[in-house]
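Welcome to a short tour of one protein model. Have a look at the sequence and the structure below, and then we will walk through some of its features together.

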Amino acid sequence: MSSPEQPSGSDRPAPPSPASMRASDADRDEVADRLREALAEGRITPEEHAERIDAVYRAKTYADLEPVLSDLPAEQAPRPRVDLRKEPALAPPPPQSPNLVAIFSGVERKGRWLVEPTTNVSCVFGGADLDFRQAVLSRGEVTVNVTCVFGGVNMIVPPGVRVVGSTTAIFGGSELPEDDTADADAPVIRITGMVLFGGVSVSRRAIGEKSGGRGRHRDVHELHRMHHEERRELHREHRDARRERLRELRAERHRDR
């Protein structure tokens with residue numbers, strides 16, 4: 001007895017189209033939300049809303065859901081009526097060295113980058129710029145350890161991120177933004193280390209938002225300049241005091257003669 005012929009490669013059934021794929025409960029809920037918005041805007045009547053809601057929760061595939069929204073405007077142009085494609089989750093960015101060093105130069109991290117649990121920043125007569133607005137934190141609380149000598153570190157954080165500073169400043173300083181969230185689970189960036197004749201400046205800005213100006217968030221170079229001016233003024237006062245004391249001693253000697 002002969003065996004049945006096996007189908008050739010060209011006779012294999014084609015893969016199912018996206019429209020024939022099964023819809024999930026989340027997909028049905030999303031369409032129902034858009035129908036409720038259309039009812040609130042007066043685009044459909046209460047009777048039409050009830051009929052379409054029944055059709056939504058009877059739908060089994062994406063093809064069953066599409067006609068329900070076919071005569072309604074897109075929620076956000078040019079968004080399709082029903083998105084049949086599932087966007088893949090973004091892969092984490094590749095790891096980079098957690099050590100940033102700037103000696104008579106500058107270093108920066110910006111865009112989408114992976115923030116390790118501890119990032120070490122060392123600046124000697126140099127500067128570092130760290131932009132956390134698109135960064136991916138490796139965990140809920142990360143630490144930036146700063147060693148800065150005659151230099152400065154600028155950081156930008158997005159809204160909703162708590163910044164905690166515990167640096168030691170010698171002829172230097174740090175400027176941190178106030179918390180803008182009361183969420184106990186908000187991400188935390190903790191700044192530690194030592195600053196000598198330099199500064200750490202952290203500003204809070206959303207993606208695309210430009211700096212609010214030097215009046216609110218002074219640049220670390222401005223801080224650095226101010227510290228140098230204070231030091232020069234202190235030396236000037238000491239020098240003037242010594243000169244005045246010498247004049248007094250000379251005057252006393254002349255009187256004694």
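Let us begin with the rings: Phe104, Phe125, Phe150, Phe171 and Phe197 form one aromatic cluster. This is a predicted model, so local features need pLDDT of at least 70 and side-chain atom pairs count only at pLDDT 80 or more, while totals for chains, interfaces and linings use all residues. Residues are numbered from 1 along each chain as its sequence is written, and side-chain values use heavy atoms, with hydrogens and water left out.

**Aromatic pairs**

The structure holds five aromatic pairs. Rings of Phe, Tyr and Trp (its six-membered ring) pair if their centres lie within 6.5 Å; planes under 30 degrees apart count as stacked, over 60 as edge-to-face and the rest as tilted. Two of the stacked pairs are shown here.

| Pair | Centre to centre | Angle between planes |
|---|---|---|
| Phe150 and Phe197 | 4.8 Å | 10° |
| Phe171 and Phe197 | 4.9 Å | 5° |

Where do Phe150 and Phe197 lie? Phe150 is in the loop between strand 7 (141–149) and strand 8 (152–157), and Phe197 is in the loop between strand 11 (188–196) and strand 12 (199–204), so their pair ties together parts that are 47 residues apart in sequence. Phe171, in the loop between strand 9 (162–170) and strand 10 (173–175), is 26 residues apart from Phe197, and this pair too links distant parts of the chain. Helices (H or I, at least four residues) and strands (E, at least two) are DSSP runs, numbered from the N terminus.

Buried means under 20% relative accessible area, exposed over 50%, and partly exposed in between (1.4 Å probe, protein chains only). Phe197 counts as buried because its relative accessibility is 10%, whereas Phe171, at 45%, counts as partly exposed.

**Cysteines**

How many disulfides are there? The count comes to zero, a disulfide being a pair of cysteine sulfur atoms within 2.5 Å. The sulfur of Cys148 has its closest cysteine sulfur in Cys123, 4.9 Å away, which is too far for a bond. Cys123 is buried at 1% relative accessibility, and Cys148 is buried at 0%.

**Helix 2**

Helix 2 covers residues 46–58, and its 13 residues should span 18 Å at 1.5 Å a residue; the end C-alpha atoms are 19 Å apart, which agrees. The expected span is 1.5 Å times one less than the number of residues.

The buried residues of helix 2 are His49, Arg52, Ile53 and Val56. They cover an arc of only 105° around the axis, so they sit on the same side of helix 2; the arc is that of the directions from the helix axis to the C-beta atoms. Those buried residues pack against helix 1 (25–40) and helix 3 (62–65). On the other side of helix 2, Glu47, Glu51 and Arg58 are exposed.

**The whole chain**

The protein chain has four helices and 12 strands, and buried residues make up 31% of its 257 residues. Among contacts (heavy atoms within 4.5 Å) between residues at least 6 apart in sequence, 63% join residues at least 24 apart.

How confident is the predictor, and which mean pLDDT does the chain have? The mean is 80, and 77% of the residues reach 70 or more, where pLDDT is the predictor's confidence in each residue, from 0 to 100. Over residues 77–86 the pLDDT is below 50, and this stretch has 19 contacts in the model beyond near neighbours in sequence.
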